[in-house]
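Please examine the model shown below. The paragraphs that follow lead through its salt bridges, its helices and its nonpolar core.

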Amino acid sequence: TVSESLAGFADPNVVLIALLFVLGEALGRTGITRRLGEWISRQAGGSETRLLVLLMLTVAAVGSVMSSTAVVAIFIPVALGICRNGTLSPSRLMMPMSVAALISGMMTLAYNGLRSRWELLRGDSDRPLLPPEQLYLPTEAFFVALQPLARLDVKRGATGPAPAGAPALQSADLPDVGVDRRSAEPLRAL
């Protein structure tokens with residue numbers, strides 16, 4: 001039946017992955033992924049090895065503070081844009097990008113493991129240990145350190161000239177992707 005065939009779409013993981021692709025498309029339409037891909041390509045010069053290393057380091061850095069699934073969904077358009085602008089096959093970038101995202105997820109696990117080992121061994125007077133906060137920058141402190149740096153605010157419906165020194169950006173409203181689950185055809189608007 002139709003209800004049985006659509007039952008799998010109610011799984012939260014399916015919804016999460018679908019929304020992450022919507023997020024990736026939104027970033028693509030704003031031009032953020034294109035600019036990031038161009039920056040990575042410029043920094044790499046013409047070297048494929050440098051390109052892979054830069055992409056993996058960028059993915060790992062973002063993935064150390066975000067879900068690895070979200071990072072892959074965000075960076076798929078970046079990698080595809082790099083391949084479209086060059087002669088590289090997408091298969092050469094997708095697997096290393098995914099591996100970097102998975103490794104970055106392990107960084108969070110390693111920090112939590114350090115914390116639990118410190119809690120267990122901190123009372124040993126023969127081998128004093130520094131707390132992890134003195135060895136590594138916690139996620140909250142990372143974001144606090146980033147706050148004073150320049151950032152880009154895109155406001156819906158903002159019109160008029162950009163302030164002096166600000167980059168001129170073009171943006172468009174995203175289409176309505178609402179799903180009416182009570183309708184006979186819930187995906188009609190898509």
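**Salt bridges, helices and core**

Arg-34 and Glu-38 join their side chains in a salt bridge, with N and O 3.3 Å apart; a salt bridge is a side-chain nitrogen of Lys or Arg within 4 Å of a carboxyl oxygen of Asp or Glu. Both residues belong to helix H3, where a separation of 4 residues places them about one turn of the helix apart. Helices (H or I, at least four residues) and strands (E, at least two) are DSSP runs, numbered from the N terminus. Arg-34 counts as partly exposed because its relative accessibility is 46%, and Glu-38 is partly exposed with a relative accessible area of 30%. In these terms, buried means under 20% relative accessible area, exposed means over 50%, and partly exposed lies in between (1.4 Å probe, protein chains only).

The model is a predicted one, in which local features need pLDDT of at least 70 and side-chain atom pairs count only at pLDDT 80 or more, whereas totals for chains, interfaces and linings use all residues. Residues are numbered from 1 along each chain as its sequence is written, and side-chain values use heavy atoms, with hydrogens and water left out.

By the rule given above, the count of salt bridges comes to 3. Another of them pairs Arg-29 with Glu-25, at 3.0 Å from N to O. These two residues are 4 residues apart in helix H2 (residues 12–30), so about one helical turn separates them. Arg-29 is partly exposed at 48% relative accessibility, and Glu-25 is partly exposed at 44%. There is also a salt bridge between Glu-48 and Arg-92, whose closest N and O atoms are 2.5 Å apart. Because Glu-48 lies in helix H4 and Arg-92 in helix H6, this pair ties together parts that are 44 residues apart in sequence. Glu-48 has 29% relative accessibility and Arg-92 has 45%, so each counts as partly exposed.

The chain as a whole provides the setting for these pairs. Its secondary structure comes to 8 helices and 0 strands, and the elements run α-α-α-α-α-α-α-α from the N terminus on. Of its 190 residues, 22% count as buried. Among contacts with a separation of 6 or more, 52% come from residues 24 or more positions apart; contact means heavy atoms within 4.5 Å.

Helix H4 can be considered next. With 16 residues at 1.5 Å a residue, H4 should span 22 Å, and its end C-alpha atoms are 22 Å apart, which agrees; the expected span is 1.5 Å times one less than the number of residues. Ser-47 caps the N-terminal end of H4, with a side-chain oxygen 3.4 Å from the backbone nitrogen of Thr-49. The buried residues of H4 include Leu-51, Leu-55, Thr-58 and Val-59.

Helix H5 covers residues 68–85, and its 18 residues reach 25 Å from first C-alpha to last, close to the expected 26 Å. At Phe-75, H5 bends by about 35 degrees, and the proline Pro-77 follows within four residues. The bend at a residue is the angle between axes fitted to the seven residues ending there and the seven starting there. Among the buried residues of H5 are Ile-74, Phe-75, Val-78, Ala-79 and Ile-82.

Of the 22 residues in the largest one, Ile-40, Leu-51, Leu-55, Val-59, Phe-75, Leu-93 and Met-97 touch the most other members. Helix H3 (32–44), helix H4 (48–63), H5 and helix H6 (91–121) each give two or more residues to this core. H5 gives the most, with 8 residues. In soluble globular proteins, nonpolar side chains tend to be buried together.

Individual residues show how the helices meet. Not counting residues up to four places away in sequence, Ile-40 touches Leu-51, Leu-54, Leu-55, Thr-58, Val-78 and Ile-82. Thr-33, in helix H3, counts as buried because its relative accessibility is 7%. Leaving aside neighbours within four places in sequence, Thr-33 is in contact with Leu-27, Gly-28, Ile-74, Pro-77 and Val-78. Met-94 and Leu-52 are 42 residues apart in sequence and 9.9 Å apart in space, C-alpha to C-alpha.

Conventions
A nonpolar core is a set of buried Ala, Val, Leu, Ile, Met, Phe, Trp, Tyr and Cys residues joined through side-chain atoms within 4.5 Å. A polar contact is a pair of N or O atoms within 3.5 Å; within protein, one must be able to donate a hydrogen and the other to accept it, and residues adjacent in sequence count only if both atoms are side-chain atoms.
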